[in-house]
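Student: Walk me through this one, please. I'll ask as we go.

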Amino acid sequence: MHFCLLPPEILLQIFSACEFSQPMCSESRATLASFAMTCRTFQEPALDILWKNIVGFKPLIAFLPECVGNIDIRGRLTLERPPLDGECRLISRYTQRIHSLTVSGGHLNRIDDQIMQAFISAPSPTPLLPNLRSLCWWDDREYFFPLLCTLFGSTITSMRLGFIIRAPSFAESVLLASFGARCPSIQELHYDYGGDSRESSDAICEALRGLRELFRLSIGVFNAQTLLRLASLSSLKFLSLNLRTYNFHHTHSHSTPTSSSQFEEVYITSPSCFVLTHCLRNIQFLSCRSVNLSIDYDDFIQPYDPMDIPDLIISVSECFPPTLEKLHFNFATDLDNHTEDILADTRFALGFDVVAPMLSFSHLKYLDLDWICTSVIDDTSLKTMAQSWPLLEHFVFGSAPRWLVPPSLTFIGLVHLIHHCPLLRNIKMPFSACPVDVNSAPFSNTNPSEKIRGLFVGTSPIVDPVAVASQIHKLMPKLITVGFYGWDIARFPAPSLFAQFKADWSRVNDFLKVLTTSEIGNGNSPTTSHVGGMDIWTLG
């Protein structure tokens, strides 16, 4: 054997290549098992990787003699007799290698009472899995709670629990209350559990008590009491809330609890605009860098209710601090499933007055409002927005649906955006692309941006592709191609005018290729990675 293979760290790195598929495929497991049986040098590193991530309880007893482990007439794993001391040490030899365990209801259905009792009563002063780091438990049957508690330990840093959405039982509350004492090192807790009641809130608050290292939290219940508890966790930086069981009848609008936690990111999922607006109006975050708001919109007829959006935008502007750096709205609706009548309906066009409350976010670097119709927002309004957000790096504004309402924005609006936001890297925005006077303001006093490598125009109308390509190249000399929508997956054929737009934008890209090629000849070669990156912007 070559001396380079002797260090265990080298072997671990090599054998880790089998971990790429999760859960590990049978072929990778067979390969690692073969390595483990090759020689003593390979054995320990191969076994460490083989047992690092385990799914279900079957692997824990599969290597026991047939006189111990068996399968009963119902197809469940069972024990013919209790494991002897030597067999327990054999089990311990492997369980100490487990860093991650995933258990679902199906896995629990495949073990009988003897298996569970054996695990619970294992004669050891240490936990069943003494080096467990990550535990995923997707079952809420109280019968198996003793087995779950057996897995708890101070080494766990990540835990994901999936329980049914309802008020917690006494047993569940006791289980949650033990987190701080049994698993004090938890850094990431995903608690897929809801029920917006006092009992739910009490259970969550008890679960959080003592978790001084908690860094990331995802929960399905939220109210003033839980917010105050979160404020006491100085280590918490990432918070994910699911408002599917949020009860606005139990939340009083005159009460506004405030979180002073220094959040890096807040992610909120809501079943409707109304619920999200109500929640945001009843809380306030004094410090937060990034916000991701997702609406599980279930109306397949229209993309959103225009009457809901103004109040939602106001609640966002009042809930989060002016120092916010990233704001991402996501409407979980099928944007390619809307009819031609809906996409041509001017009722969905939101004016500048709707967006204006967000101008207070003067530190914005990333803004995603891709789902709204921006057709009535003009160049002057966009200039005001750009002046309010001078740090913008990513600007995503109304280009996701194939809106048929002609945009009021023109190429001048794009110039304003680049002029006042010199850090921009990516732009997704529909506008009317037409020739402008490049020798007059604002074009003449706008410095070209070499940072911009992504431009997506959606269904933007265009006149004179040659002139537009020349203007784009003057403003964004490093831009290689422009992304635009086709109509391949739309529910209706492309209107004749829009079909021509697609052809004209293709000509723009042809001209940009010529301009870029000429610069390559002068020694200015574009970076290949940015060419591939444009695939993100060219859709449909």
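**Rings, cysteines and confidence**

Tutor: Start with tyrosine 304: it counts as buried, because its relative accessibility is 0%. Buried means under 20% relative accessible area, exposed over 50%, and partly exposed in between, with a 1.4 Å probe and protein chains only.

Student: What ground rules apply here?

Tutor: This is a predicted model: local features need pLDDT of at least 70, side-chain atom pairs count only at pLDDT 80 or more, and totals for chains, interfaces and linings use all residues. Residues are numbered from 1 along each chain as its sequence is written, and side-chain values use heavy atoms, with hydrogens and water left out.

Student: What's the mean pLDDT of the chain?

Tutor: The mean is 82, and 77% of the residues reach 70 or more. pLDDT is the predictor's confidence in each residue, from 0 to 100.

Student: Which elements have the lowest and the highest mean?

Tutor: Helix H21 (residues 528-533) has the lowest, at 31, and helix H17 (residues 379-388) the highest, at 98. Helices (H or I, at least four residues) and strands (E, at least two) are DSSP runs, numbered from the N terminus. The chain has 21 helices and 18 strands.

Student: Where does pLDDT stay under 50?

Tutor: Over residues 525-540, for which the model has 29 contacts beyond four places in sequence. Contact means heavy atoms within 4.5 Å. Where pLDDT is low, the predicted coordinates should not be read in detail.

Student: Back to rings. How many aromatic pairs are there?

Tutor: The structure holds 16. In one of them, the rings of tyrosine 304 and phenylalanine 348 have centres 5.6 Å apart and planes at 85°, so the pair is edge-to-face. Rings of Phe, Tyr and Trp (its six-membered ring) pair if their centres lie within 6.5 Å; planes under 30 degrees apart count as stacked, over 60 as edge-to-face and the rest as tilted.

Student: Which parts of the chain does that pair link?

Tutor: Distant ones, 44 residues apart. Tyrosine 304 is in the loop between strand E13 (288-295) and helix H14 (309-319). Phenylalanine 348 is in the loop between helix H15 (340-343) and helix H16 (352-355). Phenylalanine 348 is at 0% relative accessibility, so it counts as buried.

Student: Give me another pair.

Tutor: Phenylalanine 411 and phenylalanine 431 are edge-to-face, because their planes stand at 80°, with centres 6.0 Å apart. Phenylalanine 411 is in helix H18 (residues 411-420), and phenylalanine 431 is in the loop between strand E17 (426-428) and strand E18 (454-456), 20 residues along. Both are buried.

Student: Which residues form the aromatic cluster?

Tutor: Tyr304, Phe329, Phe348, Trp371 and Trp403 form one cluster.

Student: Which charges sit over rings?

Tutor: Arginine 402 is one: its charged end sits over the ring of tyrosine 485, 4.1 Å from the centre. Lysine 428 lies over the face of phenylalanine 456, at 5.3 Å from the ring centre. The test is NZ of Lys or CZ of Arg within 6 Å of the ring centre and within 35 degrees of the ring normal.

Student: New topic. How many disulfides?

Tutor: Zero in the whole structure. The cut-off is a pair of cysteine sulfur atoms within 2.5 Å. For cysteine 149, the nearest cysteine sulfur is that of cysteine 183, 8.9 Å away. For cysteine 319, that of cysteine 279 is nearest, at 7.3 Å.

Student: Are those two buried or partly exposed?

Tutor: One of each. Cysteine 149 is partly exposed because its relative accessible area is 21%. Cysteine 319 is buried, at 0%.

Student: Last one: how much of the chain is buried?

Tutor: Of its 540 residues, 50% count as buried.
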